[in-house]
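Keep the sequence and the 3D picture side by side as you read.

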Amino acid sequence: MCGIVGYVGPQDARDVVLEGLRRLEYRGYDSAGIAVLADGELTTAKKAGKLANLEKVLAERPLPAATTAIGHTRWATHGGPTDRNAHPHVSADGRVAVVHNGIIENFAVLRAECERAGIEFTSETDTEVAGHLLAAAYAEAPEGEGRLAEAMRAVCRRLEGAFTLVATHAAEPGTLVAARRSSPLVVGIGETADGTPEYFLGSDVAAFIGHTRNALELGQDQVVEIDRTRGVTVTDFSGRSVEPTAYTVDWDAAAAEKGGYDWFMLKEIAEQPQAIADTLLGRLGEHGNLVLDEVRLSDQELRDIDKIFVVSCGTSYHAGLIAKYAIEHWTRIPVEVEVASEFRYRDPVLDRSTLVIVISQSGETMDTLMALRHAKEQKARVLAICNANGSTIPRESDAVLYTHAGPEIAVASTKAFLSQIVACYLVGLFLAQVRGMKFEDEIAAIVDDLRKLPDAVARVLESMDEVRALGRSLADAGTVLFLGRHVGFPVALEGALKLKELAYIHAEGFAAGELKHGPIAVIDQGTPVVVIVPSPRSRESVHGKVVSNIQEVRARGARTIVIAEDGDQDVVPYADHLIRVPRTPTLLAPVVTTVPLQVLACEIADTRGYDVDQPRNLAKS
């Protein structure tokens, strides 16, 4: 999500920054901009749309040559994708330019403070607040070296949320200052052919990999000052000196778009912990209550809801199936999950007391959009769960919950799926809160469990070597079956879909309890069967039933691949391959049990020699 580039050095900073922005286009964005510092003046250019739009502006109105510059590609969160909301943003005095990734959660309070001081805002963004605060803090900071860095530290101590900030000041030519909290930022250190030092900033190393492979990794809550003569200085937000971690990038510019991964899908699988964290960011209020700023339905309207439809396509449909379990359990409202392409044709019964939740990564999925419009025609209320700010589906809905998962380039969805599941959990909890079905401390406890999910997914990803080896051994399989019960059933469907999408292998997902009603007939000697096992702590002994299902298929010659939580010993005798995942509350378990299936499908497809990112006959909306 969003791209940041900064440069200080002897080269023409305009060219360096624009090149970096091109390398970051894979991140997805809807506007771009650049600021240069030359002759004691800041000059900016920015434009909505792709980088080509900005380059056209620069061709008509060139910026002055400079050796210090910052640039940004923005994926809209606060404020639509317009010219005035594009970065960089400049302070009211015209002396500070700033670019920003992330979300400043307390921007409304800070904006009001600035407005009381007489500052007029020119954008709808949270970022502009940071620019004005930096100018004010700079004016109060002691004169001398490190003044801009001190101002940045003072501002960061006031900010809440996740952010990367990069700023320059007209009074400090040859200096850039940046800060990070829960949002990536790296420093590049290089030199030109004649040995002159040069320095780079980037939201990832792709921004500068064409110039240097030498990088510094910045930690949480740290500020870096880059000065042409004094080099790189890193402190924490309190001003204490910090020694950054240096490393050498082991891939070259040719791989930069994918961040060093062979496939975008692998990169997006690796980004899932951050995607989940970003979806959860800022959702819990001061008193433990859930806060969903984008929900524009009144509490009374939500209390009047007596039925919910979840409508979506493909992977998003599977997220809806998981949502049904959680929403019904937490709210006691009946939920139906519908394939969007069928929804309007079966003449569903909808009225003002019906809530239709539509799920779409892109916000442009045509079947889902048509289902939304049908629901609106029937006077139902519509809430969209979407990853693309400003797209059609959110615009036409009564309310929207953005997942903030960042761009997903691979056609087969991974991080969008997990963030959609988490967003559905948030909607369910929010409804339970509004309807009085859960106390604040109960909601806070569940949110606390949700906040543990990024670490849990990260732990799963750290232990995938055996899954990759397993995938290579399954590359010649003709059929693979997936079994699950309760929330494991939609996970089985998703696992089968991923394998079909990527590896073109016949794969089916079934409710494990349906085995004797037909599916068990297709099991032959050596047929791979993937079983998602619920926690032994799950309700109504469903765990024991699934263990029995494993024994049934194994007795008929199946090659059993079992996904079970840490500590579950009951499955060990019946698993030919055992994949462990962290212990997680039952309703939240799909977030961790899905990940090995993504990795498995990707590895099988890669072994078979297929394009993982762009499977045949498929495209993203």
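Helix α17 is mostly covered, with 14 of its 16 residues buried. Keep in mind that this is a predicted model.

**Helix α17**
- You'll find α17 at residues 488-503.
- From its first C-alpha to its last, α17 reaches 22 Å, which is close to the 22 Å expected for its 16 residues at 1.5 Å a residue.
- Just after the helix comes Tyr504, with a positive phi of about 60°.

**How α17 packs with α9**
- Helix α9 covers residues 314-331, and it packs with α17 at an angle of about 170°.
- The axes of these two helices are 9 Å apart.
- Angles over 145 degrees count as roughly antiparallel, so that's the label for α9 and α17.
- On the α9 side, the residues that meet α17 are Gly314, Thr315, His318, Leu321, Ile322 and Tyr325.
- Over on α17, their partners are Pro490, Val491, Leu493, Glu494, Leu497 and Lys498.
- Sort the residues of this contact by type and you get 7 nonpolar, 3 polar and 2 charged.

**The six-stranded sheet**
- There's also an open sheet of 6 strands, in the order β5-β6-β7-β8-β12-β13, and the pairing is antiparallel.
- At the edges sit β5 (89-90) and β13 (231-236), each pairing on one side only.
- Strand β12 (residues 222-227) pairs with β13 over 6 bridges, in the antiparallel sense.
- To spot this pairing, look for Val223, which stands opposite Thr235 in β13.

Technical notes. Residues are numbered from 1 along each chain as its sequence is written. This is a predicted model: local features need pLDDT of at least 70, side-chain atom pairs count only at pLDDT 80 or more; totals for chains, interfaces and linings use all residues. Side-chain values use heavy atoms; hydrogens and water are left out. Axes are lines fitted to C-alpha atoms, for helices over the stretch in contact, and angles run from 0 to 180 degrees between N-to-C directions. Helices (H or I, at least four residues) and strands (E, at least two) are DSSP runs, numbered from the N terminus. Angles under 35 degrees count as roughly parallel, over 145 as roughly antiparallel, 65 to 115 as roughly perpendicular and the rest as oblique. Contact means heavy atoms within 4.5 Å. Ala, Val, Leu, Ile, Met, Phe, Trp, Tyr, Cys and Pro count as nonpolar, Asp, Glu, Lys and Arg as charged, and the others, Gly among them, as polar. The expected span of a helix is 1.5 Å times one less than its number of residues. Buried means under 20% relative accessible area, exposed over 50%, partly exposed in between (1.4 Å probe, protein chains only). Two strands pair if DSSP finds at least two bridges between them.
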